[in-house]
Amino acid sequence: MKLFEYEAKKLFEKHGIPVPRGKLATSPEEARKASSELSFPVVVKAQVLVSGRGKAGGILFANSPSEVEEAAEKILGMTIKGLNVQSVWVEEKISVKNELFFSITIDRVKRSYVVLASSVGGVDIEEIAAKTPEKLVRFPVNPDYGFRSFHARYIAAKMGYVGDQQKKLAAIFRKVYAITMELDAELAEMNPIVETVEGDFVAADARIIIDDNALFRHPEYEKRLFEAGASEFSPRELEAMRKGLAYVGLDGNIGIIGNGAGLVMATLDAVQYYGGKPANFLDVGGGASAERVASALEIVASDPKVNVVFINILGGITRCDEVARGIIAAKKKVGYEKPMVIRLVGTNEEEGKHILTEAGIHVLESMEEAAEKAVKIAKGENRKWE
Amino acid sequence: MGIIVDRNTRVIVQGITGTQGRFHTKAMLEYGTQIVAGVTPGKGGNKVHGVPVYDTVAQALEKHEANASIIFVPAPFAMDAALEALENGLKTIVIITEHIPIKDAIQIMHLARKNGATIIGPNTPGIITPSECKLGIMPAHVFRRGVVGIVSRSGTLTYEIANGLTRAKLGQSTCLGLGGDPIVGLNFIEVLKMFEKDSETKAVALIGEIGGNLEELAAEYIQNEGYSKPVAAFIAGRTAPPGKRMGHAGAIVMGKAGTAQTKIEALEAAGVKVAEKPGDIAKILAEKLRS
């Protein structure tokens, strides 16, 4: 779960990490008022859970309250990468001497947390790694020791800082690690962390992503995840999440339902292989009970782009006859009238196929055949199936 | 032969009295897996399908000999269960549980490494050496004993491919699911090494998906070490958009990293034939094994 910049900054501040003074606003008027408590110049920043807001015009500078109002007017209601901007963070502009990069994330290969730091910051990590790899410090955290003061000082030294500055910087790094642990973050990042003209360090940007699987330990955030506009997820994605289904909306017109993440991804790929476009990814989970398949159909069919639904269930333990009955019941309940292509394999397979065929739904043997059929229907090349 | 589990594997089921634990204990027993005991806190003294239940792993081991564990404990308590198995010296631990926090998984893997234990999962279907031992939740009927080793990051996709192999009269030596999470106990290279040493395995099916770079590292290994057995691969998620988690916690393209394309290119550069569709794996391997 991604946190907004302002949430991350408030957390940083609570832990004693210097951040620019700032205020949150949800209207241009509120932004103007908020800025009266700050000293100018200020920055007005779109609070949105995708990167690239700067390039999209979501970060503007202002020298007076009326300029703040103007900037907020422009930014609020803006759509950045499909997400509506509902609030802005107005904060004091800081005097930059150097922009640095600091991040704690997961190293999947080493199976540990890893600290990434660079004396070059303010651009994305891929660019840092590509352009100035010699300046990137990569430090895996050994769980036996944790991330201690001497580790942090070593990194600050590698970044070129000595004396008091080294200590200050190291203290900030340790606090970011403490937040990572406390919050079960899979990413905690300051990009940039700014060295000011005065020689201090300030987190000019802050990003935190909490591990979704650890949200049960952080109920205050878990609750917020489902509030409208409070996450990067679409309403349909949230609805699926509430029902315990993994759904991702896509651009095409072939609705896809399957069991198991890998199998559903492979189903999407097969649809594309035959020249079709998937409308979504939907994984009902390994078990695929009739009930879950029914909720899945409800969600997929609610997408108006969908003109055919392809269900690919590889039931190991799941009984195909139950799934077949579930599909028919769901079809009735949802009032889904458009064509369906089904591939069903597993226990009581024959009975499942029989039930579906009786109801006029066609069942195919292999996922490849079924994908090809779904694509033909989506393209209107197979009228007799409709 | 086969790897990690065989007819000598003696198993403790942790979380045996839950719906999942109970159901799959029965299925594993029916398959012939030696399940010597179960553990559920507070349920000691009961029996599940004839298997005695204890409150702790230590108590189970006072009465029975075991060398492996399979965990069906809910995510919030799964780390505890895994550490219990580790501290009591079990060397093969399959963690079926999905949604375990990353912080917990890191701790489990760290202690496993120190203890010289092998963790399969979390979020895995488990491991099966056909006709010897099933330590997992996979449907047994799609597997047949034979010469192909399967290592995969996906559950149902593994069944799909194993089913295809079995129908093409290509049996399997061992099939192992690495798990769909970002932090898992084994990687492709470690399993490829085990298959290399296993005399029964003549070819390997490697089933990957988007996210991370385990497939790229496997490709590098295959190329640099001159891997001796033919490998065919399938990578799921060619159509996955960046920044979206595709069902598995670990299946996510971050920026330009972890795409299906980079994995496919790396594997092909290493001489691995990558199947366009899951059904093609059987054809590719049949051909490679014939020549």
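Asp184(A) is buried, with a relative accessible area of 3%; buried means under 20%, exposed over 50% and partly exposed in between, using a 1.4 Å probe and protein chains only. This is a predicted model, in which local features need pLDDT of at least 70, side-chain atom pairs count only at pLDDT 80 or more, and totals for chains, interfaces and linings use all residues. Residues are numbered from 1 along each chain as its sequence is written, chains are lettered from A and ligands numbered from 1 in the order in which they are written, and side-chain values use heavy atoms, with hydrogens and water left out.

**Positive phi angles**

- Asp184(A) is not a glycine, yet its phi is positive, at about 55 degrees.
- Look for Asp184(A) in the loop of chain A between α6 (163-183) and β10; helices (H or I, at least four residues) and strands (E, at least two) are DSSP runs, numbered from the N terminus.
- Ile4(B) is also a residue other than glycine, and its positive phi is near 65 degrees.
- You will find Ile4(B) in the segment before β1 (10-14) of chain B.
- Ile4(B) is partly exposed, and its relative accessible area is 26%.

**Cis peptide bonds**

- In chain A, Asn191(A) and Pro192(A) are joined by a cis peptide bond with an omega of about 10 degrees.
- Pro192(A) sits in strand β10, which covers residues 185-196 of chain A.
- In chain B, the cis peptide bond between Gly121(B) and Pro122(B) has an omega of about 5 degrees.
- Pro122(B) belongs to the loop that runs between β7 (118-120) and β8 (126-129) of chain B.
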